[in-house]
Amino acid sequence: DKPFLDALVMTLAAFRPETKTWLRQHHAVAPTLQLLFRASGNPVTNAEAYLTAVAQPTVFAAAFINRERMLARAHAMTPATVPPEVALQVVTEDEPRAGVEFFDAADTERIFDTPSAIARVVRGLSYWRRMVVSAAGSDDANHRPLTYHWRVLRGDAARIQLNPRKPDRSEMELRVPYHTRAQLAGGYPIPSSRVELGVFVNNGESWSAPAFISFYYLANETRVYDDHQRIQSVTYTGATKRRPYVDPLLDRPKDWRDDYHYNDAGRLTGWTRHRGDQAEKFTPEGRLIVRRDDHGQPTDTRAVTYQATPRGDGTLVLREVAETASGPVGNAP
């Protein structure tokens with residue numbers, strides 16, 4: 001971290017006193033440093049490159065840093081030329097149902113929402129993830145008009161859909177299809193299943209620092225969709241079977257396979273859960289089927305919850321717990 005800290009400290013020292021005072025008064029020191037660091041990088045040779053993964057990689061190497069550019073741009077900045085600030089807010093989004101469309105101790109996909117970063121872990125099984133985001137809260141302290149720019153920084157840009165909801169593009173509908181793991185851009189030998197979009201504003205004089213919208217697709221599961229983009233099966237691993245690492249705060253590991261069933265009209269009728277030689281049937285509402293009538297219709301079903309359970313080594317796994325007349329009965333992860 002030392003090369004990055006050195007560059008940032010030296011850039012702070014390069015600001016003119018009146019500019020630094022202005023930045024402090026407007027709480028703009030950090031975003032301005034972000035802009036100078038990213039826009040001054042050695043690979044960033046023009047303004048368009050700043051709006052790509054060239055300037056906004058998932059990880060940075062020290063070779064990216066160009067301290068001379070950072071210092072020169074900081075010293076040349078005046079209160080009249082400070083950059084604008086982008087601010088994001090989620091307007092609406094798909095919110096899958098816990099215990100039906102995903103299985104985890106958490107009851108949401110939301111990791112955090114801030115003006116500069118929105119993060120979701122994609123647990124829901126829909127092929128498409130939809131979110132509407134507004135950048136209308138972005139601001140230029142010198143009251144110059146802003147333009148809005150949305151870019152795919154990581155992920156399959158040919159499949160990701162960006163649909164403006166306002167003529168000035170200050171509000172955007174994002175439609176992101178299911179993604180699997182791929183190598184990071186820039187030659188880094190790191191596979192990832194994260195999709196990332198960057199949002200920038202421009203005041204006619206300068207770009208803002210980026211704001212990010214991130215979707216993380218779990219690496220410890222394998223999904224199969226049909227030609228109609230309906231989920232067919234999901235194999236979950238990580239509790240006992242080794243899979244690519246996933247932060248246990250994002251997903252509690254489990255080992256089972258769910259096979260989904262549809263009627264002739266394409267309506268979901270339920271799923272079968274496989275653990276080794278064992279199989280369980282579930283209704284489309286996520287209830288465990290205990291008994292059926294002679295026509296195959298469920299006559300006795302039980303509510304199911306999912307709990308994070310510690311193992312002997314202190315790690316957590318996900319356990320399925322079905323309610324019974326005498327209380328909950330847990331199943332293996």
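Which residues are buried in helix α3 (residues 29–39)? They are Thr32, Leu33, Leu35, Leu36, Phe37, Arg38 and Ala39. The model in which they are seen is a predicted one.

## Overall make-up

The protein chain contains 21 strands and five helices. Its C-alpha trace spans about 80 × 50 × 35 Å along the principal axes. The chain has 333 residues, of which 44% count as buried. Among contacts between residues at least 6 apart in sequence, 55% join residues at least 24 apart.

The loop between α2 and α3 holds His27. This residue is not a glycine, yet His27 has a positive phi of about 55°. Is His27 buried or exposed? With a relative accessibility of 69%, His27 counts as exposed.

## Trp22 in helix α2

Trp22 is part of helix α2. Its relative accessible area is 13%, so Trp22 is buried, since buried means under 20%. Leaving aside neighbours within four places in sequence, the contacts of Trp22 are Pro79, Val82, Ala141 and Asn142.

Trp22 and Tyr50 are 28 residues apart along the chain, and their C-alpha atoms are separated by 25 Å.

## Nonpolar cores

In soluble globular proteins, nonpolar side chains tend to be buried together. The largest nonpolar core here has 40 residues. Which of its residues touch the most other members? They are Leu88, Phe103, Val133, Trp150, Ile213 and Phe215. Another core, of 15 residues, lies apart from it and includes Leu35, Met70, Phe200 and Ala209. Of these, Leu35 is also one of the buried residues of helix α3.

Phe215 can be followed in detail. Apart from neighbours within four places in sequence, Phe215 is in contact with Arg120, Val122, Arg129, Met131, Val176, Ser193, Arg194, Val195 and Leu197.

## Aromatic rings

A pair of aromatic rings is described by the distance of the centres and the angle of the planes. Rings whose centres lie within 6.5 Å form a pair, and the count comes to 17 aromatic pairs. In one of them, the rings of Tyr127 and Trp128 have centres 5.8 Å apart and planes at 75°. That pair is edge-to-face, because planes over 60 degrees apart count as such. Tyr127 has a relative accessibility of 19% and counts as buried.

The rings of Tyr178 and Tyr225 have centres 5.5 Å apart and planes at 50°, so this pair is tilted. Why does the pair tie together parts that are 47 residues apart in sequence? Tyr178 lies in the loop between β7 (171–177) and β8 (182–183), whereas Tyr225 lies in strand β12 (residues 221–225). Tyr178 is buried at a relative accessible area of 10%, and Tyr225 is buried at 17%.

One aromatic cluster is formed by Phe103, Tyr236, Trp256, Tyr260, Trp271, Phe282 and Tyr306. Phe103 also belongs to the largest nonpolar core.

## Two loop residues

Gln229 is found in the loop between β12 and β13 (231–236). The phi of Gln229 is near 65°, which is a positive value in a residue other than glycine. Gln229 has a relative accessible area of 35% and is partly exposed.

Gly314 lies in the loop between β19 (304–310) and β20 (316–324). At 54% relative accessibility, Gly314 counts as exposed, because the cut-off for exposed is over 50%. Gly314 and Thr81 are 233 residues apart in sequence, and their C-alpha atoms are 53 Å apart in space.

Notes. Residues numbered from 1 in each chain as written. Predicted model: local features only at pLDDT ≥ 70, side-chain atom pairs only at ≥ 80, totals over all residues. Heavy atoms only, no water. Helix = DSSP H or I, 4+ residues; strand = E, 2+ residues; numbered from the N terminus. Buried < 20%, exposed > 50% of the residue type's maximum accessible area, 1.4 Å probe, protein only. Contact = heavy atoms within 4.5 Å. Core = buried A, V, L, I, M, F, W, Y, C linked by side-chain atoms within 4.5 Å. Phe/Tyr/Trp six-rings, centres within 6.5 Å; stacked < 30°, edge-to-face > 60°.
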